[in-house]
Amino acid sequence: MRNRLSFEKSPYLLQHKENPVDWYPWCEEAFEKAALEGKPVFLSIGYSTCHWCHVMAHESFEDEEVAAILNRGYVSIKLDREERPDIDAVYMSACQAMTGSGGWPLTIIMTPGQKPFFAGTYFPKKSCYGNPGLVDILNEILRLWHYHKDVLIQNSEQLTAAIQPKQTGKITSPQKELLKKAYRFLQKQFDPKWGGFGHAPKFPSPHNLLFLMQYWQKEAQPLALSMAETTLQAMANGGIHDQIGGGFSRYSTDNMWLIPHFEKMLYDNALLIWSYLKAYQITGTPNYSSIASRTADYILRELTDEQGGFYCGQDADSDGTEGSYYAFTPMEICSILGELDGTIFCRQYGISETGNFEGNSIPNRIGLTGHEWSHKDQWLKKLYDYRLKRATLHKDRKILLSWNSWAIIALAKAGAILENNHYLDAAKKAQHFIQRVLTDKHQRLYVRFCDGEAACMGNLEDYAVYALALLELYEITFQTEYLAEAILRAEQILRFFKDPEAGGYYMNSSDAKQLISRPKELYDGALPSGNSVTAMVFQKLSFLTGAHKWQKAAREQLEYCASQIYDAPSSSTFALLAMANALYPHKELLCVCREGVPEDLKSNQALMLYHEISILVKTAENAANLAELAPFTAAYPIPSKGCLYYLCEQNACKPPVNKISQLLHIILN
């Protein structure tokens with residue numbers, strides 16, 4: 001018999017619609033029922049491509065014994081963290097405060113007033129090896145709830161007080177020393193043999209790599225670039241990189257990036273495209289551009305909705321087994337490619353009789369010589385097609401606004417740097433999807449679209465990353481409508497998310513239904529935080545528009561970031577990217593033409609992106625609109641023919657030039 005989750009759109013919630021547990025989605029009805037019946041609330045948070053979420057579901061939530069305890073003594077709520085990252089952030093902070101760590105599945109037990117008194121992650125059904133099982137936990141808490149409810153309520157009050165946002169540190173101006181401290185910390189954590197930082201499990205953390213490459217650009221520190229390159233090369237060679245189909249898995253379970261946790265997420269792949277493109281710009285190494293292209297192709301092939309949006313990701317499990325979709329035996333390879341080509345492939349991709357993963361082999365290039373196969377090779381396509389027929393991966397078809405915005409940024413960059421309009425067109429189409437489907441009649445944003453429904457009020461990261469994506473599209477296409485909407489989203493951030501007292505920006509909006517805590521995040525975890533991205537958005541707008549409003553907003557946000565991360569700046573490397581733009585010399589360029597964007601500017605766009613030059617293009621057609629968005633441009637006359645280039649740096653402008661070659665001479669010397 002199906003439960004209430006049958007009426008939801010989330011793929012994660014629908015995975016639990018047949019559970020014997022009497023699940024509620026997050027709703028007032030559930031908490032009203034708990035209050036009326038005097039029961040604690042059991043909250044389980046996860047996402048559809050989470051392997052250990054599946055394990056706990058099979059062991060416990062599909063089990064009649066566990067369901068009987070939950071249905072008798074609790075009101076049970078199932079939540080998709082990707083739909084409601086604001087709720088997840090509140091209770092993850094509670095778990096971290098209580099246990100010192102966190103993760104998914106996230107298990108919370110709380111009062112009907114939504115205040116938690118127990119938190120953890122995965123629990124097996126039964127206790128074993130000294131670790132508590134879910135059945136024992138649930139029974140013990142029911143006993144305590146019956147006999148010592150006052151103690152649990154007191155604990156919930158204390159924990160709720162502990163997770164309230166706190167202002168730490170005094171106002172601090174951005175300073176290069178913060179970047180240096182972050183670089184030194186990453187240097188200490190760096191694995192010189194296999195790349196990455198710290199020990200397994202290893203995560204790609206693309207924002208750390210982007211920071212290191214930018215630090216090399218600003219400080220000419222060769223080790224910074226070496227750390228980034230070593231990591232990018234090691235990941236590209238490892239099993240974390242899908243050698244057959246392109247794209248990267250979530251993380252590696254070992255130090256050498258060989259055995260991944262096989263789920264593939266949109267945001268990881270988007271940020272890795274950006275990272276490999278940056279490495280390609282710096283070094284000119286063709287392999288980096290190839291990997292960026294393969295990863296972009298993976299997104300367009302596997303994760304793209306026909307309307308233009310991008311799906312969340314693909315599961316780690318296929319047919320109930322983790323990773324079997326990606327692993328092969330030599331016999332399989334030879335049966336597909338033939339004995340000769342199959343043997344060559346096995347030798348070049350580490351496919352052996354002994355295997356490297358549960359008796360099978362994950363294709364990889366670790367320590368192997370010889371050229372890897374082109375991703376356009378017909379034999380590689382044969383393996384890909386065979387793999388599609390051999391097993392099926394669950395695909396989370398939610399379309400999340402913030403994750404789509406990261407993909408727009410990556411694909412727009414790929415279009416410009418790789419000179420491939422196919423990628424840029426995909427980025428534009430996705431932006432149009434957001435504008436058409438994930439925007440309401442009041443011009444506010446939704447978190448997600450799924451199965452024909454847009455839902456959940458947008459959070460800070462939705463507005464901030466989307467604004468950054470719009471700015472990226474403007475800086476590549478010079479279409480003023482992108483700049484206009486970016487300014488609109490930035491203004492909404494100021495209006496709905498700002499903390500006027502302590503600084504920074506809250507995760508959820510001021511007109512959203514408030515939770516027991518209003519989270520304010522700056523830590524750059526798997527994704528850069530909303531506050532870090534907001535700093536970059538404001539900084540870019542200050543350069544592009546020259547408006548005092550955005551200069552002030554950027555200054556205040558960078559001061560807030562500097563104050564909060566002073567003791568551990570490596571925890572917010574994306575914020576440091578924005579900070580570096582303010583601390584080091586920066587160039588702004590205004591191109592004034594009678595007609596459209598000059599072809600010689602387009603042909604040198606990759607170079608401009610590499611040097612992070614903020615560019616505005618004024619034409620007779622867009623002059624009025626641009627004057628509203630960037631008022632200073634009104635003072636620059638349109639020439640009777642040709643173009644004039646006005647280049648400024650650190651509040652000082654150079655004489656205008658009328659040829660791109662003259663401009664490049666100034667930039668490069």
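A salt bridge is taken here as a side-chain nitrogen of Lys or Arg within 4 Å of a carboxyl oxygen of Asp or Glu. The structure is a predicted model, in which local features need pLDDT of at least 70 and side-chain atom pairs count only at pLDDT 80 or more, whereas totals for chains, interfaces and linings use all residues. Residues are numbered from 1 along each chain as its sequence is written, and side-chain values use heavy atoms, with hydrogens and water left out.

Under the salt-bridge criterion, 38 salt bridges are counted. One of them joins glutamate 472 to lysine 413, with the closest N and O atoms 3.2 Å apart. This pair links distant parts of the chain, since glutamate 472 belongs to helix α18 (residues 460–477) and lysine 413 to helix α16 (residues 401–417), 59 residues apart; helices are DSSP runs of H or I with at least four residues, strands are runs of E with at least two, and both are numbered from the N terminus. Glutamate 472 has a relative accessible area of 5% and is buried (under 20% relative accessible area, with exposed over 50% and partly exposed in between; 1.4 Å probe, protein chains only), and lysine 413, at 12%, is also buried.

A salt bridge of 3.1 Å, N to O, connects the side chains of lysine 125 and aspartate 63. Because lysine 125 lies in the loop between β5 (116–120) and α6 (134–147) and aspartate 63 in the loop between α3 (51–61) and α4 (64–73), the pair ties together parts that are 62 residues apart in sequence. Both residues, lysine 125 and aspartate 63, are buried, and a network of salt bridges links Asp63, Glu65, Lys125 and Lys126.
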